[in-house]
Amino acid sequence: MSTPTRTAPFQGRAMSEVVKELTEEIRELYLADEVPWVVGYSGGKDSTAVLQLVWLALKGLAPEQRTKPVHVISTDTLVENPIVASWVTQSLETMRTAAAEQQLPIEPHRLTPEVKDTFWVGLIGRGYPAPRPKFRWCTERLKIRPSNAFIRRVVRRHGEAILVLGIRKSESQARSKSMAKHEKRRVRDRLSPNGNLPNSLVYSPVEDWTTDDVWLFLMQQANPWGHNNKDLLSMYQGASADGECPLVVDNTTPSCGDSRFGCWTCTLVEKDKSMSAMIQNDEEKDWMQPLLDLRNDLDVPDDKHLRDFRRMNGQVQLITDGRVIPGPYTEKSRHDWLTKLFQAQKHVRDNAPEHVRGIELITMEELHEIRRIWIFEKHEVQDALPKIYEEVYGETFPGLPVDAHLAQGSDEMDILREICDGDELRYSMTRDLLAVERRFRTKTRRTGLYEELQRTIVKGYYVDEADALAFKKELEGVGTRDQTPDDTDVQQSLDLDGIASGTDHTTPAEDEETSNASA
C-alpha cells in the first residue's frame, strides 16, 4: 500500500511570503475605490482566516486611509449549535471592542431571520414538516434572506458592494467548477461578479488555499482581535468531516447540512455528527443531549402519522399511485413539538454551564408569532400555547394577552370536543366556524363572511381520511364514494388555494414544492 502524499503548505512557498502578498493585494483593492466591503463571517476556520487577512491589511494602512467601511456580517439562524453560537457571539463582541481600540473601520453585524421566517415559526407555527433534501424550506428563509437583505441595503446606499468570502476551490468539486466559471468574467483582476446579487462583486483571497494552509495560518498567526484560535481548533477536533457553515447568499453555496457545524435541528443529514461527538467526548456537554434527542425525533423516516391528510389550503392531493400526499403537521403534533422544545430549553437552563445557560432555543418573539398563527390563522381558539408553557415551566406565560373576544377558554373547547364524541374533523370544523364568527362579530361591514364560512365547511366536510381519499379518487375517475357533495361544493373545493383562503403564507411555488417533496 502506498503512503498518501501530502501537499506542501502554500504550494511550497513560505507562509510569511504568501500572507505579505495577500495583505498587499487587499490594501490595493481597498484603496482602489469607495465601494464598501462586506465580509462573511461564520466563526469557522475559513471565514476567520479571511477576516484576519483583511484586519492585518487594514492595520498596515495609515489611519487617514481607513475611510471605507468594512461590514462583518454573521447570520445566526437562531438554531445554531449552541457551542458555536456562543463562540460567534463572543467573537463579534471582542471584535467590536478591538476595532474601536485599533481605530479600524470594521463594523460587526449579527443578522437573524425575520420572525415570520424562523425555523420554529415555520415548523411549530405553520406546521411545515422537518426539512428534507427535496423540501429544503429552511435555507432560503434562515440564511439567504437575512444576508442578501443586508447586502442589498448596502448596495442601495452606495450603489455597489464587494463581498469578501472565505470560499475555497478545494472545498468541493462543485465549488471549484463554480469559482472557475466566475473567474472568466472577473474585473479588476480578483473580483468576480455575483450572479444572484446585482451590483455586487466577490473577492475570495484564500480561494487557492488547502485546509492545511488555513489551519497553519490560524495556528501561527495570532488572532488580531484577541480571540484565541486554539479554542476554534478545539471545536473542530473530534468530528469526522471537515467544513463550516459558510455565508449563504445563493442556493449553490453548500448547505449547513453538509458541514461540520450547522443548525442543531438539521434533518438534511442522517446524523448530527458534530453534536454527537461533543456530547460523547466531553461530559460537560451532556446538557445538549435533549437537543440531539429532539433533532432525532424530527428526523422520522415516515412522518405521515404526524401530518394532516389535507394540504394547508384544505384540499386533498394524490400522487400517481393514488396515495394521499400528507400536508402540514397536525395540531397535536405541533403542540407536542413545542412541549419537547420547552422541555429541552428547561434542561439547558437547569444544567448547562453558566456561559451558555442564557441561550434561547426559541425567542419570546417567535412564541408570540406562533400563538398568533395558531389562533388567527389555524383557528385554534382555545389558545393552547400559554397552557403548554405553564405545564412545562410551572409558571405563568410571560407573553402579552390576546384579544379576549378572539379566543375561547379551554373549558369550552373541552365541552365542544366531548359533544363531537371523538370526531376530530367535526370538532375542528365547528371550532373553525366559531373562530370565523367571532372574528367578524365586531366588524361594521362583514364582507367576506359567507366566503370564509363556506371555505371552512368545504375543508371539513369529509367523514375521515378514507372518505376524503375515496372522494378524491372519484373526482379524478379512479374510485367511488358513497356520499358526494353537490357540484357547487366540489367546484368551490377545486377553486380554493392556500393563498386565497388566508390559511397559508407560502407562495404557490412553495406549495407545489411541498407537494413534490411530500410525494
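1. Let's start with a strand pair: β4 (residues 161-164) and β6 (residues 200-203) run parallel and are joined over four bridges. Two strands count as paired if DSSP finds at least two bridges between them. In β6, S200 is the bridge partner of A161. Strands here are DSSP runs (E, at least two residues), as are helices (H or I, at least four), numbered from the N terminus.

2. A word on the source: this is a predicted model, where local features need pLDDT of at least 70 and side-chain atom pairs count only at pLDDT 80 or more, while totals for chains, interfaces and linings use all residues. Residues are numbered from 1 along each chain as its sequence is written, and side-chain values use heavy atoms, leaving out hydrogens and water.

3. Now the whole sheet: its six strands form an open sheet in the order β3-β2-β1-β4-β6-β5, with mixed pairing. At the edges, β3 (106-111) and β5 (191-193) each pair on one side only.

4. Next, look at two helices. The axes of α2 (residues 45-59) and α8 (residues 229-236) come within 11 Å and cross at roughly 165°. Axes are lines fitted to C-alpha atoms, for helices over the stretch in contact, and angles run from 0 to 180 degrees between N-to-C directions. So α2 is roughly antiparallel to α8 (the term covers angles over 145 degrees). K45, T48 and Q52 of α2 make the contact with N229, L232 and Y236 of α8, where contact means heavy atoms within 4.5 Å.

Technical notes
Parallel < 35°, antiparallel > 145°, perpendicular 65-115°, else oblique.
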